[in-house]
Amino acid sequence: MGRIKKKDPRAKKYQIPNPNDLESAISCIKARQMTYREASEVYGIHYSVLFRHVKNSNMKAQGGQTALSTEEENHIVSCLSLCAEWGYPLDRYDIRMVVKGYLDRRGKKVRQFNKNNLPGKDWANGFLTRHKTKLALRLCQNIKRSRAAITRETLNDYFDNLEISIDGIPPSHIVNYDETNLTDDPGTRKVITKRGSKYPERVMNNSKASTSVMFAAAADGVLLPPYVVYRSKHISDTWRIGGPKHTRFNRTKSGWFDSFCFDDWIKTIAIPYLSKLSGTKILIGDNLSSHLSTESIKICQKYNIKFVFLPTNSTHLTQPLDVAFFRPLKMHWRSILENWKKTDGAHEICIPKDHFPMLLKRLVLKLNENSVNNIKAGFEKCGIVPFNRDRVLSMSPYDSCDVNQSGDSINSSVLEFLKSMRSSNSTPRKTKKRLQVEPGKSVETVSDTDSDSELITELPHESSSDADEPEMSISNVLHTTSEPQVVKHGITFKNVIPIYKENEVNVDDWVLVSFQLDNLKQSSSKDMVYMYYIGQIIKQLDGSTFEGTFLRSKTTKLFKGFVYGFPNVKDICEFDRSQIIGKMQKPVPYCRGLFKFNFNCNSI
């Protein structure tokens, strides 16, 4: 059957009356305000059409009738809208399968469909055309399940705290910061080519390299100078020539921001801007571990700067730079990069670091044209300035409890389809074991239940040249059977040894130390927020003050939250004896400078 149906131009053309005019004419006739002839002259509808609609209120639509009733199609429309709101939008094939399941459960057979009761492609296209005012085909973007799991309760708690935090603070004192990547690939573009060409190509060098840049903006539209981090061990003088005014340049081995770079950004970018302002200032950002350190906390407390951390996995809804600033930034960057690769950089494989400042300056100048409006729009869309939590809550789907209350209007086939998509049937990964196989010898496939004692044997740890494969036993992590505990700040710290005397803490001891943060609520002491770190005492300055070096939590596939290691840049800080929660038991060496404690800082 053809997909395109053309009307016969010789066929008689029927006039289709306006639905509003038809309804008004019928109501006037039924109220005996007009006769059929008078209504026909006033509304321009033939009197015979008015007569049929008045006498028969259940008049069928002109032309062929739909396979499903109007109530059934409206029912399907509401279900499709609900699926899209839940984050599981359906395509045209899914609509056909849902209708088939609906008809099979009712035992209804539709002769317009095929033998299996499955609607065809024409029906799906016609269905979308009939309901084009409520449904539309759009390109979708994929988000992780962790982002989709953000709940309305979490967002409401965040806005409850945010409302107290920004109360009375002007927009110029509220700054949002975030880092992004400027890649070396200008992307694809539509070009003119010979008709029939399947794979048009364009000669232009590109690579997968990228450069990290930290951007920050105030709620009044002010864009702070960028902060660039190169991937290098050293930095050259030519890598900063020609860049935007007051831009700072740094380098790391990985090319990503670490705690040292963030501390430097606080000192060189944030403090020079915020120190000129009076009163309380707010820094809004994500809660990455590299975006927080004890050094940053102390500096910000000195200048009355408070941190506001966004809920985990919610930056696509609550971060102003992500919502309204980075997309136009990336569009301008691709345009600037493409023009450069057509001229001066035509023979460059990637962007040389001494050319990057010049390109960044062009980007900043391009952004300044509309950056104020974009920044303000981002803060408004995220409900920060002006404060309006409904701007964010309207973008998040309703909980399943709201759906169950209106379950009578939801088709069971749609509910089963959603349950099958929402269910997580992922099985946990099996522990990998190293096979003891002679060089050059192959191994045979085995099933999940079978075992080959000759081949599947674990290589002894002491014979391995790589010290990163520890013995896979939970006893290595929880290496003690006793569980001492300390209760402080309303929290019970298990496997932490309490301290009763002042002389119990000595140099080289491992201790758990608390650092106070500026919380969003400052009404009482119970609202204080603390960060807890495991460190080793390296010096005792006086009777109650110590100096120590602190570890960072390392996440591995086997041990999450129990393995710690020193950061690349040592975190050395002074602390008071009152900040010590308790002593830690001597750690078990893990591998390559890592230590295992039977304590999880991430669970607090």
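**Figure 1. Valine 513 pairs with isoleucine 580 of β15.** Welcome to a close-up of a predicted model, in which local features need pLDDT of at least 70, side-chain atom pairs count only at pLDDT 80 or more, and totals for chains, interfaces and linings use all residues. Residues are numbered from 1 along each chain as its sequence is written, and side-chain values use heavy atoms, with hydrogens and water left out. Strands here are DSSP runs of E with at least two residues, while helices are runs of H or I with at least four residues, and both are numbered from the N terminus. Two strands count as paired if DSSP finds at least two bridges between them. By that rule, β9 and β15 are antiparallel partners, joined over 3 bridges. Valine 513 also has a bridge partner in β10, namely tyrosine 533.

**Figure 2. Strand β9 meets strand β10.** Here residues 510-517 (β9) run antiparallel to residues 529-540 (β10), with 8 bridges between the two strands.

**Figure 3. An open sheet of 5 strands.** Reading across the sheet, the order is β14-β11-β10-β9-β15, with antiparallel pairing. Which strands stand at the edges? They are β14 (571-576) and β15 (580-583); each has a single partner strand, so one side of each is left without a neighbour in the sheet. Direction ignored, neighbouring strands of this sheet are turned by 40° against each other on average. The axes are lines fitted to C-alpha atoms, for helices over the stretch in contact, and angles run from 0 to 180 degrees between N-to-C directions.

**Figure 4. The largest nonpolar core, with 43 residues.** A nonpolar core is a set of buried Ala, Val, Leu, Ile, Met, Phe, Trp, Tyr and Cys residues joined through side-chain atoms within 4.5 Å. The members that touch the most others are Ile174, Phe325, Phe356 and Ile384. Helix α13 (residues 326-342) gives the most to this core, with 6 residues. Apart from this core lies another, of 23 residues, including Leu224, Ile266, Leu274 and Phe307. In soluble globular proteins, nonpolar side chains tend to be buried together.

**Figure 5. The surroundings of phenylalanine 325.** Contact means heavy atoms within 4.5 Å. Setting aside neighbours within four places in sequence, phenylalanine 325 is in contact with Phe215, Leu223, Pro320, Leu367, Ser371 and Ile375.

**Figure 6. A cis peptide bond between valine 385 and proline 386.** For anyone checking torsions, omega is about -5° at this bond. Proline 386 sits in the loop between α15 (371-381) and α16 (390-393).

**Figure 7. Positive phi at asparagine 495 and aspartate 508.** Asparagine 495 is not a glycine, yet its phi is positive, about 60°. This asparagine 495 is found in the loop between β8 (491-494) and β9. Is asparagine 495 buried or exposed? Its relative accessible area is 10%, so asparagine 495 is buried. Aspartate 508, also not a glycine, has a positive phi of about 75°. The loop between β8 and β9 holds aspartate 508.

Key:
Buried means under 20% relative accessible area, exposed over 50%, partly exposed in between (1.4 Å probe, protein chains only).
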